[in-house]
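Q: Could you walk me through this one? I'd like the overall fold and then a few individual residues.

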Amino acid sequence: MCNRKKSCAFYLTYNGENDTDKKFQLLIDTYCNGDFKEVCRRKIYKDETGFAHIAELGPNGHHVNSNKRLY
Ligand code: SF4
């Protein structure tokens, strides 16, 4: 389980408790609650730039709605 969940805009916006749209569940299961947390692009973005990205950057580095690569 990722230790940044409480402050992560993606997680806080799209996890099942706050969003009835389940299309993000696979990302949450594999990244936020799974082993892929170590390669999360949001985490790398924060570590490399010093800034937290808005929620639209998914943990896989793609925009949550367009699937366009953001980072
Ligand atoms: S999106 Fe990344 S930083 Fe945010 S909770 Fe999930 S694994 Fe952690």
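A: One definition before we start: helices here are DSSP runs of H or I with at least four residues, numbered from the N terminus. With that in place, helix H1 (9–14), helix H2 (25–32) and helix H3 (41–49) each supply at least two residues of the shell around the ligand. Please keep in mind that this is a predicted model.

Q: Which residues come nearest to the ligand?
A: Of the 13 residues around the ligand, the nearest are Cys2, Cys8, Cys32, Cys40 and Pro59.

Q: And how does that shell split by class?
A: The shell around the ligand has 8 nonpolar and 5 charged residues, with no polar ones.

Q: Stepping back, how many helices and strands does the protein have?
A: There are 3 helices and 0 strands in the protein, and the order of elements from the N terminus on is α-α-α.

Q: What about the overall dimensions?
A: The C-alpha atoms fill a box of roughly 30 × 25 × 20 Å when taken along the principal axes. The radius of gyration is 11 Å, which agrees with the value near 11 Å that a compact globule of 71 residues would have.

Q: What share of the residues is buried?
A: Buried residues make up 20% of the 71 in the protein. As for contacts between residues at least 6 apart in sequence, 43% of them join residues at least 24 apart.

Q: Which residues form the largest nonpolar core?
A: That core has 11 residues, namely Cys8, Phe10, Tyr11, Tyr14, Phe24, Leu27, Ile28, Tyr31, Cys32, Cys40 and Leu57. H1 and H2 each supply at least two residues of this core, and its largest share, 4 residues, comes from H2.

Q: Let's stay with H2, then. Which of its residues are buried?
A: In H2 the buried residues are Leu27, Ile28, Tyr31 and Cys32. They lie on the same side of H2, because they cover an arc of only 95° around the axis. An α-helix has 3.6 residues a turn, so residues three or four places apart point the same way.

Q: What do they pack against, and what sits on the opposite face?
A: The buried residues of H2 pack against H1, whereas the face of H2 turned away from its buried side carries the exposed residues Leu26 and Asp29.

Q: Switching to Ala9: where is it, and what does it touch?
A: Ala9 is in helix H1. Not counting residues up to four places away in sequence, Ala9 touches Ala52, Ile54 and Ala55. The C-alpha atoms of Ala9 and His53 are separated by 7.6 Å, although these two residues are 44 residues apart along the chain.

Q: Why does Ala9 count as partly exposed?
A: Ala9 has 14 C-beta neighbours inside 10 Å, while a residue is buried at 20 or more and exposed at 12 or fewer.

Q: And Lys37, where does that one sit?
A: Lys37 is in the loop between H2 and H3, and it is partly exposed, with 18 other C-beta atoms within 10 Å. Leaving aside neighbours within four places in sequence, Lys37 is in contact with Cys2, Tyr31 and Cys32. Lys37 and Tyr14, by contrast, are 16 Å apart in space, C-alpha to C-alpha, and 23 residues apart in sequence.

Q: Last one: what is the phi of Asn67?
A: Phi of Asn67 is near 65°, a positive value in a residue other than glycine. Asn67 lies in the segment after H3 and counts as exposed, because it has 10 C-beta neighbours inside 10 Å.

Terms used
Residues are numbered from 1 along each chain as its sequence is written. This is a predicted model: local features need pLDDT of at least 70, side-chain atom pairs count only at pLDDT 80 or more; totals for chains, interfaces and linings use all residues. A residue is near a molecule or strand if its C-beta atom, placed from the backbone, lies within 6 Å of it. Ala, Val, Leu, Ile, Met, Phe, Trp, Tyr, Cys and Pro count as nonpolar, Asp, Glu, Lys and Arg as charged, and the others, Gly among them, as polar. A nonpolar core is a set of buried Ala, Val, Leu, Ile, Met, Phe, Trp, Tyr and Cys residues joined through C-beta atoms within 7 Å. Two residues are in contact if their C-beta atoms, placed from the backbone, lie within 7 Å. The radius of gyration is taken over C-alpha atoms; the globule rule is 2.2 Å times the number of residues to the power 0.38. The arc is that of the directions from the helix axis to the C-beta atoms.
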